[in-house]
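Good morning, colleagues. Please turn to the structure on the screen, and I shall begin with the ligand and its surroundings.

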Amino acid sequence: LTWAKNLAKTELHAHINGSIGMPDLRKLADLKGVHLPAEIALPGSAGFSLDDVFALFSKTIYSVVRDAQALQFVVEHVVAAFKRDGVRYLELRSTPKSLEGMDMDGYVSTVVSAISKAMSENETIRVKFLLSVDRRHDPETASTIVSLAIKYANLFPSIVVGVDVCGNPACGGIKHLVPSLSRLKLDAPTLKLVIHFAEIETPPEEDELLTILSLNPDRLGHCTFVPDHIMATMRARKIPIEICLSSNVVGGTVNSFEAHHLKQLWDSGYPRECLILCTDDVGIFCSDLSNEYVIARRVLGVSREVMEEWAQLVCDKYAR
Ligand code: 5GP
């Protein structure tokens with residue numbers, strides 16, 4: 001693991017509330033006087049699935065992260081943990097929500113100031129922020145989040161860098177979000193649009209995937225169940241893919257690391273700088289980015305030197 005820890009790594013797909021470690025979450029719960037059950041079902045429990053991941057957010061994590069102070073605690077602890085793991089460039093993402101005493105605008109402002117503070121305390125890491133739209137959001141909420149992204153990118157251009165689309169893929173498609181996402185591309189072309197894509201087997205209709213591609217996303221997350229002809233288009237367009245090995249295997253959408261699509265993409269000649277290892281929710285899947293590099297090396301059967309070159313390619317392309 002030491003070689004992977006020592007790599008200067010780039011993390012591009014990390015949900016803030018999924019990246020807080022359970023011990024830190026418990027510490028925060030104690031501070032806030034919130035009772036957490038002694039046993040929390042985590043990955044590794046029999047039959048753990050992606051739905052259980054979403055239940056963990058709604059039932060456990062959000063019961064603790066309820067106000068500005070808690071959110072600040074989470075951001076600061078998450079940044080410090082990524083720094084300890086040797087991450088030099090980090091893009092965090094989070095869904096603006098109304099918490100106690102704050103609206104969505106206050107949420108974004110709290111994350112931005114917590115990131116600023118965390119960077120001043122952890123000088124070797126640069127941290128950026130993507131605002132997430134949840135696919136269950138109605139068009140109006142999505143539009144508010146896009147407007148907040150544009151507003152805060154104007155105020156803090158060195159921190160706010162784009163918009164993500166996330167949320168439980170079993171809850172339906174994203175066509176209702178298209179007007180807001182198109183507006184982002186028109187009004188703020190320098191901001192990035194990153195979208196969770198073909199994450200579960202139940203068909204995202206082909207039509208839905210083509211709609212997403214028509215938005216010209218800057219990166220796509222997961223890409224587990226992409227039909228071959230669509231993958232061929234992505235490859236021709238060199239669309240970067242955020243690869244979340246442990247998230248997919250532990251979350252149960254992929255049977256094993258050996259069966260993960262990373263290997264197929266790598267062997268097919270998908271441009272290496274467009275394959276980016278990411279943690280997704282390190283607090284839940286309990287695998288830091290160094291460990292993802294170790295797993296990827298095993299699965300791909302390549303040397304440390306190849307892994308080092310790959311990490312460097314990713315860093316050169318994305319760390320701004
Ligand atoms: P937050 O946005 O509150 O900082 O982070 C948690 C949220 O990120 C979850 O409620 C969920 O919407 C999203 N999220 C976290 N992990 C995943 C994932 O693996 N897939 C998808 N589609 N969304 C996720």
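A residue is counted as near a molecule if one of its heavy atoms lies within 4 Å of that molecule. Please bear in mind that this is a predicted model. In this model, 19 residues surround the ligand, and the closest are Tyr62, Ser94, Thr95, Glu199 and Asp281.

What is the make-up of this shell by class? The shell around the ligand holds six nonpolar, seven polar and six charged residues. As for secondary structure, helix 3, residues 50-64, and strand 2, residues 87-94, each contribute at least two residues to the shell. Helix 3 gives the most, with three residues.

Asn17 places a polar side-chain atom 2.8 Å from an oxygen atom of the ligand. For Lys97, a side-chain N or O atom is 2.8 Å from a ligand oxygen atom. Asp134 has a polar side-chain atom 3.5 Å from an oxygen atom of the ligand. How much of the ligand does the protein bury? Taken alone, the ligand exposes 500 Å², and the protein buries 98% of that. The space that the ligand takes is the largest pocket.

I close with charge pairs in the protein. Side chains of opposite charge can pair when their charged atoms come close. The count here comes to 19 salt bridges. One of them joins the side chains of Arg66 and Glu100, at 3.4 Å from N to O. This pair links distant parts of the chain, 34 residues apart. Arg66 lies in the loop between helix 3 and helix 4 (68-84), whereas Glu100 lies in the loop between strand 2 and helix 5 (104-121).

Technical notes. Residues are numbered from 1 along each chain as its sequence is written. This is a predicted model: local features need pLDDT of at least 70, side-chain atom pairs count only at pLDDT 80 or more; totals for chains, interfaces and linings use all residues. Side-chain values use heavy atoms; hydrogens and water are left out. A polar contact is a pair of N or O atoms within 3.5 Å; within protein, one must be able to donate a hydrogen and the other to accept it, and residues adjacent in sequence count only if both atoms are side-chain atoms. Accessible areas come from the Shrake-Rupley method with a 1.4 Å probe; for residues, only the protein chains shown count as cover. On a 1 Å grid over the protein atoms alone, a cavity is a set of points where a 1.4 Å probe fits but cannot get out, and a pocket is an open set with protein on both sides within 12 Å along at least five of seven lines; lining residues have an atom within 4 Å of a point. A molecule sits in a cavity or pocket if more than half of its atoms lie within 2 Å of its grid points. Helices (H or I, at least four residues) and strands (E, at least two) are DSSP runs, numbered from the N terminus. Ala, Val, Leu, Ile, Met, Phe, Trp, Tyr, Cys and Pro count as nonpolar, Asp, Glu, Lys and Arg as charged, and the others, Gly among them, as polar. A salt bridge is a side-chain nitrogen of Lys or Arg within 4 Å of a carboxyl oxygen of Asp or Glu.
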